[in-house]
Amino acid sequence: MNPLYPKLLIFPIGTVSAATLAVQDDFVYLRGFVVPLKGIGVLLPTRETAMLGSYDFGPLLDIARQVEDHGFDSVWVGDSFVARPRLEPLTLLSSVATATSRITVGTAALIASTREPVNLAHSLVTLDHAASGRLQLAIGTGSPLPVKSEDDAVPMSYNERAGRVDEAVTAWKQVWSGDDGELKSNYWDLRGLREQPPPAQAGGPQMWLASGNTPKAVARAGRYYDGWMPLVPDPADYETGWAAICKAAEEAGRAPDAMTPSMFVTINLTSDADRARAELEDYTQRYYRLPLGTMSRIMPFFGGSPEDCVRWLGEYVRAGARHFVLRMGSFENGAEHLRLTAEHVLPALRALQID
């Protein structure tokens, strides 16, 4: 068990009696403290709508408003340069920011290696102002499943991607925090960052590393980033990775409790498990051109009832996750899955208790 978090004991769907301990319907109820989740958000289906031939902002903005009205904490958009085409995320998020007023708007994940960092910083600062300081960023390098056409479209070695992104993030943090020290880079001329306006948030938006849990990735997350958004199917691997990130952060003189351990998952909610699996199979075949069995070894998927979904997500809470980004794994029934998630999963996750 992750040493930073106590053991998870309850996955309540309804109210809990005042009894110290009770067992009912395979649930163990024990009075304790509510798990301090930092947020529960939803990914907008920008790739899915693009695959269905629609690039209209209107329906996506309607979904963003629904996400806010349902009481979620954040709304996110994905990114792909040329491999899996969709609307450009920062431009779309600018409209999402003005269509909403409360929720965080974010990228899950922004492929920062495909963009020059001074121009990208300018866009991020502007977007943070459009969102009145509600911007949050998960940043990646294009993995997993890198597509060669995307690599070839970017004039750099694939092996340079992580170093280039880490340098950009470090420089942004330095400038946005008011540090006037030398901007060091092996790849870029970053002096233009000092000519740009500051972000709306003091110190700039939080930046999480979207990655796996390889030793290199967790070391980077602990050393440079404000959080972690992995694609890790096994909660035990998540727990190991988060513990390693905390250790790396401490070794770098940073406070692990100031970081956010998040999780990106794909869900399909229905009481019919066979139907859920069939719909997820259709989803992965169309989206990734790979079967669900293969994709489930790369990233987490869930299909089943809302109650079982809460139990499943609870395993990641037990492993340390404190912010969830939920993708609806369906091309045709996304609205229904969002409704079920809002009505059943959202309140149950917020009611998770630990001793």
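Reader: Which residues line the second largest cavity?

Author: L43, L44, T46, R47, E48, G78, R86, Y287 and R327. A word on the source: this is a predicted model, where local features need pLDDT of at least 70 and side-chain atom pairs count only at pLDDT 80 or more, while totals for chains, interfaces and linings use all residues. Residues are numbered from 1 along each chain as its sequence is written, and side-chain values use heavy atoms, with hydrogens and water left out.

Reader: What makes a space a cavity?

Author: On a 1 Å grid over the protein atoms alone, a cavity is a set of points where a 1.4 Å probe fits but cannot get out; lining residues have an atom within 4 Å of a point. By this rule, two cavities of 30 Å³ or more are counted. A volume is the space filled by probe spheres set on the points, which are joined across faces, edges and corners.

Reader: Which classes make up the lining of the second largest cavity?

Author: Three nonpolar, two polar and four charged residues. Ala, Val, Leu, Ile, Met, Phe, Trp, Tyr, Cys and Pro count as nonpolar, Asp, Glu, Lys and Arg as charged, and the others, Gly among them, as polar. Helix 1 (residues 46-51) gives the largest share of this lining, three residues.

Reader: Which element gives the largest share of the lining of the largest cavity?

Author: Helix 6, with four residues. Helices are DSSP runs of H or I with at least four residues, strands are E runs of at least two, and both are numbered from the N terminus. Helix 4 (117-130) also supplies at least two lining residues. The lining includes P117, L120, R164 and W188. By class, seven of its residues are nonpolar, one is polar and two are charged.

Reader: Why is R194 called partly exposed?

Author: Its relative accessible area is 34%. Buried means under 20%, exposed over 50%, and partly exposed in between (1.4 Å probe, protein chains only). So R194 is partly exposed. R194 sits in the loop between helix 6 (161-176) and strand 9 (207-211).

Reader: What does the side chain of R194 reach at 2.5 Å?

Author: The backbone oxygen of G181. The side chain of R194 also reaches the backbone oxygen of D179, at 3.1 Å.

Note on methods: Polar contact = N/O pair within 3.5 Å; in protein donor to acceptor, adjacent residues only side chain to side chain. 1 Å grid on protein atoms, 1.4 Å probe; cavity = no way out; pocket = protein on both sides within 12 Å on 5 of 7 lines; lining within 4 Å.
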